[in-house]
Amino acid sequence: MARRTERLNEIIKVELGKIILKEIDFPVGVLATITRVDTAPSLNHAKVYISIFPEEHGPKMMKVLLS
């Protein structure tokens, strides 16, 4: 079962990355990267970890990502 969850985490990471790249316009010089995805053993939910560079754009970009 752990291997299944690892594969699902990777699929979510890749597909969310594609969606973010296609749907969100980032300001020049801002980079957002999905660093990790942790799916619950029940597969009901997942935590997505995102890194935003430079850090001072973090709060603004998180609002955009969550909206």
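**View 1. The largest nonpolar core of the predicted model comprises eight residues.** Ile-20, Ile-24, Val-30, Ile-34, Val-37, Ile-52, Met-61 and Leu-65 form this core. A nonpolar core is a set of buried Ala, Val, Leu, Ile, Met, Phe, Trp, Tyr and Cys residues joined through side-chain atoms within 4.5 Å; buried denotes under 20% relative accessible area, exposed over 50%, and partly exposed the range in between (1.4 Å probe, protein chains only). At least two residues of the core come from each of β1 (31–39) and α2 (58–66). Helices (H or I, at least four residues) and strands (E, at least two) are DSSP runs, numbered from the N terminus. The model is predicted, and local features need pLDDT of at least 70, side-chain atom pairs count only at pLDDT 80 or more, and totals for chains, interfaces and linings use all residues. Residues are numbered from 1 along each chain as its sequence is written, and side-chain values use heavy atoms, with hydrogens and water left out.

View 2. When residues up to four places away in sequence are not counted, Leu-65 touches Ile-20, Ile-24, Phe-26, Ile-50 and Ile-52. Contact here means heavy atoms within 4.5 Å.

**View 3. Asn-9 in helix α1.** The helix spans residues 2–23. Asn-9 is buried, its relative accessible area being 13%. Its contacts, leaving aside neighbours within four places in sequence, are Val-37, Asp-38 and Thr-39.

View 4. Side chains of opposite charge can pair when their charged atoms come close. Arg-3 is exposed at 52% relative accessible area, whereas Glu-6 is partly exposed at 46%. Lys-18 is partly exposed at 49%, as is Glu-15 at 38%.

**View 5. The salt bridge between Arg-36 and Asp-38.** The closest N and O atoms of this pair are 3.1 Å apart. Arg-36 is partly exposed, with a relative accessible area of 41%, and Asp-38 is likewise partly exposed, at 31%. Asp-38 is also one of the residues in contact with Asn-9.

Note on methods:
Salt bridge = Lys/Arg side-chain N within 4 Å of Asp/Glu carboxyl O.
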